[in-house]
Amino acid sequence: MKRQDALYVAMCVGAIAFCIAFVLPSFVTMPVAWYLPLDRGWELTAKPTVLGLDFYGRCAQGLAGWAIAVIASLAVTKRMKSDLSSRMAGLLAAWTIGMIVLCIMYFVWTLVFRVPTPAPLPTWYIPR
Amino acid sequence: MPDIFLGGAARLLLVLHALAAIALIGSTTHHAIISWGYLRGRFNVRLGRIYAATIAATYAITFGFGLLVYPTFRYHVRALYLDRYEKWASNLFDMKENFAALGFGPVIALLILSRVMNPKEDTHLRAGYIAFAFLLCAIVWFDLISGLVITNVRGV
């Protein structure tokens, strides 16, 4: 397979893998790295008991998924003799864009109806 | 008051985040227009490569500043104010951050493909490339507008 075709396949597969790895903790109860801003520390858990952000952990998970998928895809396409057909290139683009749009729709759907729980107001807090 | 990572520099980081976002929106929009030209027979490949590289750099810088200011925002803005008084803004912020992360795949794809593909000859890769450019442009526009709206409600 030509270099640009192999990289195109790898980028599409990588983007799909990133989406899956990034969204997976929303569907499956699994430990993710949470940053605890008030404790200035990290915790590997499914849900911390204190205020935390899982965004860093999910991004890192997505990056790891992307890297694994890209390396695997490049290894596979390196051995392929045939060129990438127009149909396959179009399908790959459609799957990739479809996956990203699906994730976007999932976040819109879940977040539009979310009712967040506010943190208790500390004694030093002055409303402005 | 709790000592949050880079809490003292949050306003400066937010301004830098916004400045980088302005450069990002310019580069993604210009790049989308140039890639649309590939369909119409106008192959400004060199400019496309420059914009793809600018997108990658400004995306990384914008995302990086956003990550640095996030702990302060999460506690002082979201947990103490938005979650209590402006729940919709809190939800809009979470949409924005997740969309921004999902833009990573298209950003890297545009950077790498702009270097290796020739839009004139590699006609089979053109549609995918243009789709990535437009999707990323839409994500960046949404993120910039929602970021402006959220900081109008409450900034760090």
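Visitor: Among contacts in chain B between residues at least 6 apart in sequence, what percentage join residues at least 24 apart?
Guide: The model is predicted, and the value is computed from it. The count takes contacts in chain B with a sequence separation of at least 6 and asks how many of them join residues at least 24 apart. That share is 82%.

Visitor: What pattern does chain B follow along the sequence?
Guide: Chain B has 5 helices and 0 strands. Its C-alpha atoms fill a box of roughly 60 × 25 × 20 Å along the principal axes, and 49% of its 156 residues count as buried. Read along the sequence, the pattern is α-α-α-α-α.

Visitor: At which residue does α2(B) bend?
Guide: Helix α2 of chain B covers residues 45-85, and a straight helix of 41 residues would span 60 Å at 1.5 Å a residue. The end C-alpha atoms of α2(B) span only 49 Å. A bend of about 55° is found in this helix, at Arg78(B).

Visitor: How far apart are the end C-alpha atoms of helix α4 of chain B?
Guide: Helix α4(B) holds 13 residues, numbered 104-116. At 1.5 Å a residue, these should span 18 Å.

Visitor: Which elements do the buried residues of α4(B) pack against?
Guide: The buried residues of α4(B) include Phe104(B), Val107(B), Ile108(B), Leu110(B) and Leu113(B). Gly105(B), Pro106(B) and Ser114(B) are also among them. Their packing involves elements of both chains: α1, α2 and α3 of chain A, together with α2, α3 (87-102) and α5 (123-153) of chain B.

Visitor: Is Ile25(B) buried, partly exposed or exposed?
Guide: Ile25(B) is found in helix α1 of chain B, residues 10-39. A residue counts as buried if 20 or more other C-beta atoms lie within 10 Å of its own, and as exposed if 12 or fewer do. Ile25(B) has 19 such atoms, so its class is partly exposed.

Visitor: Which residues is Ile25(B) in contact with, leaving aside its neighbours within four places in sequence?
Guide: Ile25(B) and Asp143(B) are 118 residues apart in sequence, yet their C-alpha atoms are 9.6 Å apart in space. The contacts of Ile25(B), with neighbours within four places left aside, are Val140(B), Trp141(B) and Leu144(B).

Visitor: What is the radius of gyration of chain A?
Guide: Chain A comprises 3 helices and 2 strands, in the order α-β-β-α-α. The globule rule gives 14 Å for 128 residues, and the value for chain A is well over this, so the chain is more spread out than a compact globule. Its C-alpha atoms fill a box of roughly 70 × 30 × 30 Å along the principal axes. The radius of gyration is 20 Å.

Visitor: In β2(A), which residue is the bridge partner of Tyr35(A)?
Guide: Strand β1 of chain A, residues 32-36, runs antiparallel to β2(A), and 5 bridges join the two. The strands form a hairpin with 4 residues between them, and Arg40(A) in the turn has a positive phi of about 50°. Val32(A) is paired with Thr45(A), while the partner of Tyr35(A) is Trp42(A).

Visitor: Which residues does Ala46(A) touch, not counting residues up to four places away in sequence?
Guide: Ala46(A) lies in the loop between β2 (41-45) and α2 of chain A, and it counts as exposed because it has 12 C-beta neighbours inside 10 Å. Its C-alpha atom is 5.2 Å from that of Met30(A), although the two residues are 16 apart in sequence. Not counting residues up to four places away, Ala46(A) touches Thr29(A), Met30(A) and Pro31(A).

Visitor: Which element gives the most to the side of chain A that touches chain B?
Guide: The contact takes 44 residues from chain A and 39 residues from chain B. On the side of chain A, the elements giving two or more residues are α1 (3-27), α2 (55-79) and α3 (86-112). With 13 residues, the element that gives the most is α3(A).

Visitor: How many nonpolar residues does the side of chain A that touches chain B have?
Guide: By class, this side of chain A has 6 polar and 3 charged residues. The number of nonpolar residues there is 35.

Note on methods
Residues numbered from 1 in each chain as written. Chains lettered and ligands numbered in written order. Predicted model: local features only at pLDDT ≥ 70, side-chain atom pairs only at ≥ 80, totals over all residues. Contact = placed C-beta atoms within 7 Å. Nonpolar A, V, L, I, M, F, W, Y, C, P; charged D, E, K, R; others polar. Expected span 1.5 Å × (residues − 1). Bend = angle between axes of the 7 residues up to and from the residue. Pairing = 2+ DSSP bridges. Rg over C-alpha atoms; globule rule 2.2 N^0.38 Å.
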